[in-house]
Amino acid sequence: MEIPLSTASRPPTGSLRGAFPEGFMFGTATSAFQIEGATTEKESGRKPSVWDTFAKEEAGRETGGVNEEGKKFYNDLIDELKANGYASTSTQLTCYHKVYYNAILYAGIEPFVCLFHWDFPQALEDEYGGFMPHRSCHHDPPVVKDFVDYADFCFRTYGDRVKHWITICGPWSYAYSGYGVGTFAPGRGYSLSENQQLLEMSVFPASRHFSLLRLNTRSSFDLDLGDPGREPYTLPNGEVGEIGIILQQMWPIPYSQSKEDQGAAQRAKDFMLGWFMEPLIFGDYPKSMKALVGRRLPKFTPQESRMIKGTYDFIALNYYTANYSVNAPDHSHGKPHVARDSQDHETSWIHEYPEGLLDYLLYVKNKYNDPKIYIAENGIDQYDDPESPLPLWEALSDYKRVSYYNKHLSILKTAIDKYGVKVKGYFTWSLLDNFEWNSSLPPRYGHFYVDYNDNLKRYPKLSAEWFKTHLQKPLPFPPSWTRDEK
Ligand code: FCB
């Protein structure tokens, strides 16, 4: 969601807003499963998702949870709706979300809504195996149909107040980790049975479903837009909505200048970003994937391929870190590897490398038709061992996060001003400390500290104050905007 601009006049140049083009959006992101909790139907009417099941089975953990304040708001509203004759749970939930969006809009914040951030309904996983290959593989697999229905419902119901839609966040993570190595829900693939066959069978068809789902969701979006009888995406002021997808890439840097290592870095891009980007841009998977995966990679029909091209208004990108890429022909899954030069602890996968963001943006601009871009997630974790927790004051002093953001914003500005990359907004990960998927030692990513031992009480960290102040006011030290990037 976007952070409101509280004054009408243009903020000074030395401030964050003043340094970026007019209309550039600043925001922060969260995802439902990671913060909302309410795992029982009794509590919320919400039925379990694959992550409820997976988190409990794998690690005996539950979601981030709701605090008392949030629960009270929710319960009061539901009681009021009931008192006014809104009997069904789904109507109550719909009203709740409408009120929620109203509150956000009233505060001057513009919501960006992501329809799917990995919490796939467990009931549908049980019914037809989620994104798994299906008998009707070539024509509207059930997951694609269901998703389109769901998206259509959201567009019609909330389209008068939500202008920016995202179909899926990080399909690479869900496909690779959920269906390839099984370290994420729904835990299929390699880890399920150690059966390489299953790995090979599920991950690629699953990914095809993600692409089809985009195609169809987009078609329904356009269709509804073009139908004068129902124009759910037209806002009261006549503006129409936009729709995109969140893709991700850990930026691969060739370990040496050898042709082999450069080839490895290119493959790393093809197998992460290209896997989902190229169907959208070129209507097909990257060449290297087709060559290496061979017949295990499903094909798009010529019609699908034609139709899938250009099914986006913007591309949203996640960027956290960079990695070295080495050509390793003998590499097999699970071989030891070294992660160094990280932060001051060994659990993080984030190696601070802002320059990677510029290379990433230039790569997307040049290779993929210069799309409109949002940075959907950018952030860094903070280690906090539950066995020996950080003192509150230390957790709140997240100066490393401030420095991380400062450097990335500086590079982002270079990408826009010097290279003309069409980045229109920047979102940090994350608003609150939250449930970090399969991480055994939950890291803290938030601008707000959440006290898990005291009713999820929240405290603003330095980074929250930093953004709040310097979006409008000049930064206290000379910003690095002017620095040449290399
Ligand atoms: C992103 C996920 C988000 C969070 C961050 C750390 O890839 O989308 O939910 O896990 O990583």
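So, of the 486 residues in the protein chain, 52% count as buried, where buried means under 20% relative accessible area with a 1.4 Å probe, counting protein chains only. Keep in mind that this is a predicted model, where local features need pLDDT of at least 70, side-chain atom pairs count only at pLDDT 80 or more, and totals for chains, interfaces and linings use all residues. Residues are numbered from 1 along each chain as its sequence is written, and side-chain values use heavy atoms, with hydrogens and water left out.

Okay, the inside. The largest nonpolar core has 91 residues; a nonpolar core is a set of buried Ala, Val, Leu, Ile, Met, Phe, Trp, Tyr and Cys residues joined through side-chain atoms within 4.5 Å. W51, L361 and L412 have the most contacts inside that core. Take L412: leaving aside neighbours within four places in sequence, its contacts (heavy atoms within 4.5 Å) include F20, F24, I375 and Y426. Another core, of ten residues, lies apart from that one, and I246 and F314 are among its members.

Now, the ligand. Which residues are around it? They're Q34, H117, W118, C169, Y320, E377, W429, E436, W437 and Y445, each with a heavy atom within 4 Å of the ligand. Look at Q34 first: one of its polar side-chain atoms sits 2.8 Å from a ligand oxygen. For E377, an N or O atom of the side chain is 2.9 Å from an oxygen atom of the ligand, and E436 also has a side-chain N or O atom 2.9 Å from a ligand oxygen. Those are polar contacts, meaning pairs of N or O atoms within 3.5 Å.

Definitions and conventions. A polar contact is a pair of N or O atoms within 3.5 Å; within protein, one must be able to donate a hydrogen and the other to accept it, and residues adjacent in sequence count only if both atoms are side-chain atoms. Buried means under 20% relative accessible area, exposed over 50%, partly exposed in between (1.4 Å probe, protein chains only).
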